[in-house]
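Dear colleague,

I am handing over the structure below, together with some notes on what was found in it. Please read the notes with the structure open beside you.

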Amino acid sequence: MTGHAPEHRLGIAPVAPPRATVVVVPPLFEEANRTRRTLVLAMRALAAGGFAALLPDLPGQNESLVPLAEVDLERWQDALAAVTRTTDGPVIVASVRGGALIDHRVNAAAWWRLAPVGGAALLRTLMRARVSADREAGIASSLDSLHAAAQTAPLLLAGNALSPAMIAGLGAAEAQPVEPLRSVALGEGGIAGTPLWLRAEPGEDAVMAQAIAADIAAWSRSCGIS
Amino acid sequence: MTDSAPETSGVDAALRALLADVLGLGADRAAALTDDSGLFGALPEFDSMAVATVLTEMEDRLDILIDDDEIDGEIFETYGNLLSFATRKVTG
């Protein structure tokens, strides 16, 4: 990479050698904060079930020393691919929401995606938050004026300084096809719970965390991993 | 989901569920919202990020497109204002 220290990763190991390693790719930006606590509870449940669980910091996020304005989706995809390069045993990718936009370059035995979302919808929400905040501050902005400004310089969206490359990439990003994939939604036939990633105030849901861990473990078994 | 667009009562139910999800209201507080219930400026959780999230989720769940120009502060003043905006968009 470019001379920066390796990113932190939160790892929860099982007592015995792991059946497989689950790499959790969280939702992007603010949605990551809203879901982190529940995802870590799911990681604990996975570890109790014999999996190693890994939650890597993306460059520019959390404890990373990389300025967010320097990164884009490509860099995040490469960083995730590098996380598991030295992992022993099979890797399962478990991504949530916008995490599904950056999970496909990992060398994995299986993918699991919860409520994957297109990048355009995420970007629209971030842009709208800026327009709404601007309106409160008596500044007239619009999605068009923000898109124009984002062509040439980083744009501050809900506290995130996003580079022109990040904004262009996000606006066009769709989850890429991977095999084998289980894509789950909330509700019947999927995960019982509420969309914590939408919540204005971060919450947690221990029951949902257990359901996430159980669903990933079942998918691992049906892929013949363990 | 059905093939047809949600009817008016369906819009009301969808909107209450959406606000419960975004604001963490719980089903009871969401059900107790009246037309006069204040939203933006009245509920502390209802900040500019919540406004943005509500708009994008409305598009997704009600299968509508919301133009930037249609949005003004009044829409988010009360639940009644938001519901009549959503209903107008759905019924076209």
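**Around Ala20(B)**

Leaving aside its neighbours within four places in sequence, Ala20(B) is in contact with Leu25(B), Gly26(B), Ala27(B) and Ala30(B). Please bear in mind, here and throughout, that this is a predicted model.

**How the two chains meet**

Between the chains, 18 residues of chain B are in contact with 21 residues of chain A. On the side of chain B that touches chain A, the elements that give two or more residues are helix 1 (8-23) and helix 3 (48-62) of chain B. Helix 3 of chain B gives the most to this side, with 10 residues. By class, the side of chain B that touches chain A is made up of 7 nonpolar, 5 polar and 6 charged residues.

**The two domains of chain A**

Chain A is divided into domain 1, which covers 9-118 + 175-222, and domain 2, which covers 119-172. The centres of the two domains, taken over C-alpha atoms, are separated by 26 Å, and the contact between the domains takes 14 residues from domain 1 of chain A and 14 residues from domain 2 of chain A. On the side of domain 1 of chain A that touches domain 2 of chain A, the residues divide into 8 nonpolar, 2 polar and 4 charged.

Helix 3 of chain A (residues 119-136) has 18 residues and reaches 26 Å from its first C-alpha to its last, close to the 26 Å expected at 1.5 Å a residue. This helix is mostly covered, with 13 of its 18 residues buried, and helix 3 of chain A is followed by Gly138(A), which has a positive phi near 75 degrees.

**Helix 6 of chain A**

Helix 6 of chain A (residues 206-222) has 17 residues and reaches 24 Å from its first C-alpha to its last, close to the 24 Å expected at 1.5 Å a residue. Its buried residues are Met208(A), Ala209(A), Ile212(A), Ala213(A), Ile216(A), Ala217(A) and Ser220(A). In an α-helix there are 3.6 residues a turn, so residues three or four places apart point the same way. The buried residues of helix 6 of chain A pack against strand 2 (21-25), helix 1 (30-48), strand 4 (91-96) and strand 5 (110-114) of chain A. Helix 6 of chain A is followed by Gly224(A), whose phi is positive, near 75 degrees.

**Single residues to look at**

Most residues other than glycine have a negative phi, and most peptide bonds are trans. Arg97(A), which is not a glycine, has a positive phi of about 50 degrees. Arg97(A) is placed in the loop between strand 4 and strand 5 of chain A, and counts as buried because it has 26 C-beta neighbours inside 10 Å. In chain B, Asp63(B) also has a positive phi, near 55 degrees. Asp63(B) lies in the loop between helix 3 and helix 4 (79-91) of chain B, and with 12 C-beta neighbours inside 10 Å it counts as exposed.

The peptide bond from Glu179(A) to Pro180(A) is cis, with omega near -15 degrees, and Pro180(A) has its place in the loop between helix 5 and strand 8 (181-184) of chain A.

Is Asp144(A), with its 11 C-beta neighbours inside 10 Å, buried or exposed? Asp144(A), which lies in helix 4 (residues 143-149) of chain A, counts as exposed with that number of neighbours. From Asp144(A) to Arg113(A) the distance is 32 Å, C-alpha to C-alpha, and the two are 31 residues apart in sequence.

With best wishes

Methods
Residues numbered from 1 in each chain as written. Chains lettered and ligands numbered in written order. Predicted model: local features only at pLDDT ≥ 70, side-chain atom pairs only at ≥ 80, totals over all residues. Contact = placed C-beta atoms within 7 Å. Helix = DSSP H or I, 4+ residues; strand = E, 2+ residues; numbered from the N terminus. Nonpolar A, V, L, I, M, F, W, Y, C, P; charged D, E, K, R; others polar. Domains from an automatic or database assignment. Expected span 1.5 Å × (residues − 1). Buried ≥ 20, exposed ≤ 12 C-beta atoms within 10 Å, placed from the backbone.
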